[in-house]
Amino acid sequence: MRNILLCCFAIASLNLQAQVKGRVTDAQSGSPLPYATVSLFSATDSLLLDGAITDDAGLFTIDAKPASYFAKVEFLAYEAIFIEKIEVKKAPLDLGSIKLKPSSTLLNEVVVEAEKSTMQMGLDKRVFNVGKDLANAGGNAAELLSNIPSVQVDVEGNVSLRGSANVRILIDGKPSGLVSVNGSGGLQQLQGSLIERVEIITNPSARYEAEGVGGIINIILKKEQRNGFNGSVDLVAGHPSNLGLALNVNYRHDRLNFFINYGITRRTSPGDGSLFQKNFPGDTLFGYNQTRESDQVVFAQNARAGLDFYLNPKNTLTASYSLRRTDGDRTVDMTFRDFAGTESNIVNIFTRRQAEFEREPYSEYALAYKKTFDKKGQEFIAEVRVLDYWESSDQDYTEKFYDTDFNPSGQPDRLQNSYNYESERQYLVQADYVQPIGKEGKVEGGLRSSMRDMDNDFLLQEQVNGVWETLPGFDDRFLYLENIHAAYGIFGNRIGNFGYQAGLRAELTGISTELVESKQLNERNYANFFPSAHLTYELPKENAMQVSYSRRIRRPRYNDLSPFITYSDERNFWSGNPDLNPEFTDAYELGHIKYFEQGNLSSSIYYRYTTGKIERIRRVDDEGIAATRPENLSTEDAFGLEFTSAYNPAKWVKLDGNFNFFRSITDGGNLNADFQADTYSWFARITSRFTFWKNTDLQVRGNYEAKMQTTQGYRKPLAYLDLALSQDLLKNNATITLNVSDVFNSRRHRHVTEGATFYTYNDGQSRTRQINLTFSYRLHQQKRRSRCLRKGRGSWGWQLKSCPRLAHIQLKRVFLS
């Protein structure tokens, strides 16, 4: 919200010679009022010339030429005041303390005219205000990401961006245990109602860590900073069973700002699937049909609390603590029908049940310090974070045997048990400094160090004659140590309509893996430089273009390196690869934004060249046993074209669309001459939102992912539809939303994998049609709306576009922040 308000008043003049400054406070308590608006008008013709938003300490500064002015100071739920006869000369003018009186009636008289846009686009970054998307009500973070343009989430919860699975996911701009040991699958335990917005950065600058070839997805959790007590409560009920409560509370008074987020959910996730494998080594033919049904019940709690302490107007100390606890029960029932000679000749039938109980506590501690200076934009930020995580998983397997007519064969049941314990501790230290130079330029730099210590103890046993015996090769302990130290520098400036930014990041990496029982030690140390460059040019008639380049890395993750085998059945094994090397990507992008009266259009052409491409390869031996693990392929060339648009043909209709077409050429000849792929594919998403009455909205979203060739086969197309209906209640303080995800239950992931001696077809659905009813109540909040201003330009190149009838506000910033 603060960024949007800043935009509305960033209409600064050129050749400024003086400043008007002051401090806005509560007339009763004397507390500063952050985000108050100060508008500066010409005393001669009453035209709005410039404006500002107060910072956390209530301070504001407005650049102005020597002249006569008057000012208007206003803040939600306070009485606005006018300051007459402001005479600006060459010296700075301090208006002192400006006191506003609370209004007991103003809050109830706010007219709802327009809401914050669901999507705000820039050349370097797109911001999605996910709370405005009705399809997100009642869902988790993984489901929320699947509704965002350019992002895809597969059946296992893995996230990809523009077709690349190598994407870096951050929480509040920092690494999090939610996407550490468990990868992006941990996002399924985070309630979507705790998330404020999601930022998509497709070609990051040197400011960001170099991890993530496809780009960065930054999830911003809710945190208010307005004075007094405010917050929100969300209640969720759904089918299949989905019960949840989310509470977001904020209290600010004087120098203290306290915030807390809490979410609790109990969710049942049924799923089903099938796997057909045909093996044909030599002149023989055999294989099996596997069908499976799964049921997972997860009870999760997420808590986050923090305190901002304003030492003085220029120094802020923030401390926060996050706690997550997940307990899950999962049952998977599989039936195998073996055939030989022909597919219809069934020779053996058996069933296998997997019963798993899992516990996952996660804690995160953070301490941050921020210092601002007299010079606008100059700041220093330092932060320390500690992540502590562990997971305990007990799995029991039971196999039962039958004859070809599915009658019990009389063979004793086979009993197995797997125990897995994982733990992680991570330390993160970071410092950043920004120094403005002249009117438009700035230099920034920073240091960052992260240290991770992970431990995995694994054991698999089988009962033989009533005694549990350890299976050979399935009892070991895996240790993982990772240290990454980085430094970066960036310089940016603007000359007329042309803006540029260049940066360089250096990272020193040390990774050590060890199998304790097997006495296998593997150490990797490497240093790399990651340059970035962004060139921006502002064109006439609401157009802007940007050319960007960055070098990125994908380091093998913990699960990529761990040699422990995922043991769900004896026919299919998944494991990591301790000898895996990092992959490197050079990413180029040409972007364009066009703003028009009823919407906007963003387009981009991108190219990625990757060496050491990491991809999971499936191998099947002569007995039909399949093993899948990540391997380094030689290269990948990826070309793409993407369009994202928002269009409001009428006051009651809002349309958002995204289309991405890409070609990927993969060369795995270093492993096998057949590991080649040249695929053309595309995916599209369109969202239509209709307002039938004043406070009733209907949203329809269609999704389509075209067929795509992979290194060993292809993925079949995917299409599904989402619906949502919402109604505002209780004077717009509450909203009730009914949404249906995957209306036709068609979101099934289907893959074909082929080799010289095998053919595998996998069809699965772990996320079935979901119906959720969500009730949201806002405490001392309203759906705040923004007034429209005439477009203008400030010293940092902001431009504001207001739509007719206050339908929405679109914004672009043509110089990177």
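At 53% relative accessibility, Leu730 counts as exposed, where exposed means over 50% relative accessible area, buried under 20%, and partly exposed in between (1.4 Å probe, protein chains only). Leu730 is found in the loop between strand S40 (718-729) and strand S41 (734-741). Helices (H or I, at least four residues) and strands (E, at least two) are DSSP runs, numbered from the N terminus. Leu730 has a positive phi of about 50° although it is not a glycine.

This is a predicted model, in which local features need pLDDT of at least 70 and side-chain atom pairs count only at pLDDT 80 or more, while totals for chains, interfaces and linings use all residues. Residues are numbered from 1 along each chain as its sequence is written, and side-chain values use heavy atoms, with hydrogens and water left out.

**Other backbone features**

Asp742 also has a positive phi, of about 60°, and is not a glycine. The loop that holds Asp742 runs between S41 and strand S42 (749-755). Asp742 counts as buried because its relative accessibility is 4%. A cis peptide bond leads from His239 to Pro240, with omega near -5°. Pro240 is in the loop between strand S15 (228-239) and strand S16 (242-253). Most residues other than glycine have a negative phi, and most peptide bonds are trans.

**The chain as a whole**

The protein chain has 3 helices and 46 strands. Of its 817 residues, 53% are buried. Among contacts (heavy atoms within 4.5 Å) with a separation of 6 or more, 66% are between residues 24 or more positions apart. The chain exposes about 35000 Å², and carbon and sulfur atoms supply 56% of this area. Accessible areas come from the Shrake-Rupley method with a 1.4 Å probe; for residues, only the protein chains shown count as cover.

**Strand pairing**

Two strands pair if DSSP finds at least two bridges between them. An open sheet is formed by 4 strands in the order S3-S2-S5-S6, with antiparallel pairing. Strand S3 (48-53) and strand S6 (81-88) stand at the edges with a single partner strand each, so one side of each has no neighbour in the sheet. On average, neighbouring strands of this sheet are turned by 25° against each other, direction ignored. The axes behind such angles are lines fitted to C-alpha atoms, for helices over the stretch in contact, and angles run from 0 to 180 degrees between N-to-C directions.

| Strand | Partner | Bridges |
|---|---|---|
| S5 (residues 67-74) | S6 | 6 bridges |
| S9 (residues 126-128) | S13 | 3 bridges |
| S13 | S14 (residues 216-221) | 6 bridges |
| S28 (residues 566-569) | S29 (residues 572-574) | 2 bridges |

Val73 stands opposite Ile81 in S6. Strand S13 (residues 195-201) has 5 of its 7 residues buried, so it is largely enclosed by the rest of the structure. In S13, Glu199 is the bridge partner of Val127, and Ile200 stands opposite Ile217 in S14. S28 and S29 form a hairpin with 2 residues between them, and Thr566 stands opposite Trp574 in S29.

**A nonpolar patch**

A nonpolar surface patch of about 940 Å² includes Phe229, Tyr251, Leu317 and Val384. Strand S17 (256-279) and strand S18 (286-312) are the elements that give two or more residues to the patch. Patches are made of residues with over 30% relative accessible area and no salt bridge; like charges are joined within 9 Å, nonpolar side chains (Val, Leu, Ile, Met, Phe, Trp, Tyr) within 5 Å. A salt bridge is a side-chain nitrogen of Lys or Arg within 4 Å of a carboxyl oxygen of Asp or Glu. Val384 lies in strand S21 (residues 379-402) and, at 41% relative accessibility, counts as partly exposed.
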